[in-house]
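Thanks for passing this one along. My notes are below as numbered points, to be read beside the model.

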There are 2 protein chains.
Amino acid sequence: MKATILFAHGARDPAWANPFIAIRDALRAAKPDVRCELAFLELMQPDLPSTINDCYTAGARHITVAPIFMAAGSHLKSDLPKLVTEVQARHPDLSLRVLPPIGEVPEISNLIAQWLAAQS
Amino acid sequence: MKATILFAHGARDPAWANPFIAIRDALRAAKPDVRCELAFLELMQPDLPSTINDCYTAGARHITVAPIFMAAGSHLKSDLPKLVTEVQARHPDLSLRVLPPIGEVPEISNLIAQWLAAQS
């Protein structure tokens with residue numbers, strides 16, 4: 001089984017999570033055969049390690065972590081690799097892959113620029 | 001004259017700004033008649049008030065602030081309105097408009113979900 005976990009920062013305001021929930025729900029609709037979850041670095045639950053463990057326990061052996069961040073700062077360059085390394089050590093038979101932040105994906109940043117141009 | 005200011009969080013790592021610079025450059029290419037700038041809430045320069053002031057001084061009277069954030073937390077619900085209110089008070093003849101965060105734009109979040117589906 002495959003799983004994709006959207007990884008977001010987290011915030012105090014519960015409404016902050018809504019755009020991420022919308023993306024998770026759209027991903028679930030597009031990929032009904034893939035388990036799609038949402039996890040947070042801080043301030044919101046669930047956290048990433050427990051979400052990876054849950055997917056593993058449910059049978060996922062190929063897990064993709066997708067940081068829904070615009071850019072890679074210390075959260076993605078330091079915090080995330082640490083979490084991934086720890087979970088990987090616990091489950092040596094797990095294939096764990098981390099995608100680039102969405103802001104570094106040219107087709108996404110191009111669409112953002114196009115949308116901004118239409119508003120400018 | 002019109003201006004659009006991309007508003008990003010900021011980070012310690014200079015490379016963090018690259019995706020935002022790429023979007024600003026694409027926007028400049030798409031809208032050569034609009035002044036397009038990038039400003040930060042913290043940790044990076046320039047800040048938003050000075051960038052708005054610079055655009056105003058250069059003649060812009062219609063300024064769009066585009067938060068390049070996935071979601072609205074306290075930075076967009078509290079910090080940004082304060083900054084905008086202060087600048088607006090200084091320049092009553094300035095038309096200042098704030099866009100929703102990009103993660104709340106359905107066409108952008110749909111593309112993110114599509115891209116994630118292709119990677120899942």
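**Notes on the fold and the interface**

1. In chain A, helix α2 (residues 48–57) lies across β1 (2–8), β2, β3 and β4, and runs at about 160° to β2(A). Contact here means heavy atoms within 4.5 Å. Axes are lines fitted to C-alpha atoms, for helices over the stretch in contact, with angles from 0 to 180 degrees between N-to-C directions. Helices (H or I, at least four residues) and strands (E, at least two) are DSSP runs, numbered from the N terminus.

2. A word on conventions: this is a predicted model, where local features need pLDDT of at least 70, side-chain atom pairs count only at pLDDT 80 or more, and totals for chains, interfaces and linings use all residues. Residues are numbered from 1 along each chain as its sequence is written, chains are lettered from A and ligands numbered from 1 in the order in which they are written, and side-chain values use heavy atoms, with hydrogens and water left out.

3. The sheet of chain A is open, with 4 strands in the order β2-β1-β3-β4 and parallel pairing; two strands pair if DSSP finds at least two bridges between them. β2 (35–40) and β4 (95–98) of chain A stand at the edges with a single partner strand each, so one side of each has no neighbour in the sheet. From one strand to the next, the twist averages 20°. Strand β3 (residues 62–67) of chain A runs parallel to β4(A), joined by 4 bridges, and A:His62 has A:Ser95 as its bridge partner in β4(A).

4. The loop between β2 and α2 of chain A deserves a look. A:Pro46 is found there, and a cis peptide bond with omega of about 0° joins A:Gln45 to A:Pro46. A:Leu43 is also placed in that loop; its phi is near 70°, a positive value in a residue other than glycine.

5. Chain B has an open sheet of 4 strands too, ordered β2-β1-β3-β4 with parallel pairing. Between β1(B) and β2(B) there are 6 bridges in the parallel sense, and B:Glu37 in β2(B) is the bridge partner of B:Ile5. Two helices to inspect: α1(B) lies across β1 and β2 of chain B, at about 165° to β2(B), while α3 (residues 74–90) of chain B packs on the sheet, touching β1, β3 and β4, with its direction at about 175° to that of β4(B).

6. Chain B also has a cis peptide bond, between B:Gln45 and B:Pro46, with omega of about 0°. B:Pro46 is found in the loop between β2 and α2 (48–57) of chain B.

7. How much area is buried between chain B and chain A? About 3400 Å², with carbon and sulfur atoms giving 75%; buried area is the accessible area (1.4 Å probe) that two parts lose on being put together, summed over both. In chain B, B:Met70, B:Trp115 and B:Ser120 lose the most area to chain A, together 19% of what that side buries. The contact involves 40 residues of chain B and 40 residues of chain A.

8. The rule finds 2 salt bridges across the interface of chain B and chain A, a salt bridge being a side-chain nitrogen of Lys or Arg within 4 Å of a carboxyl oxygen of Asp or Glu. A:Asp13 and B:Lys77 meet through their side chains in a salt bridge (2.4 Å, N to O). On the side of chain B that touches chain A, β1 (2–8), α1 (18–30), β3 (62–67) and α4 (106–119) each supply at least two residues, and α4(B) gives the most, with 10 residues.
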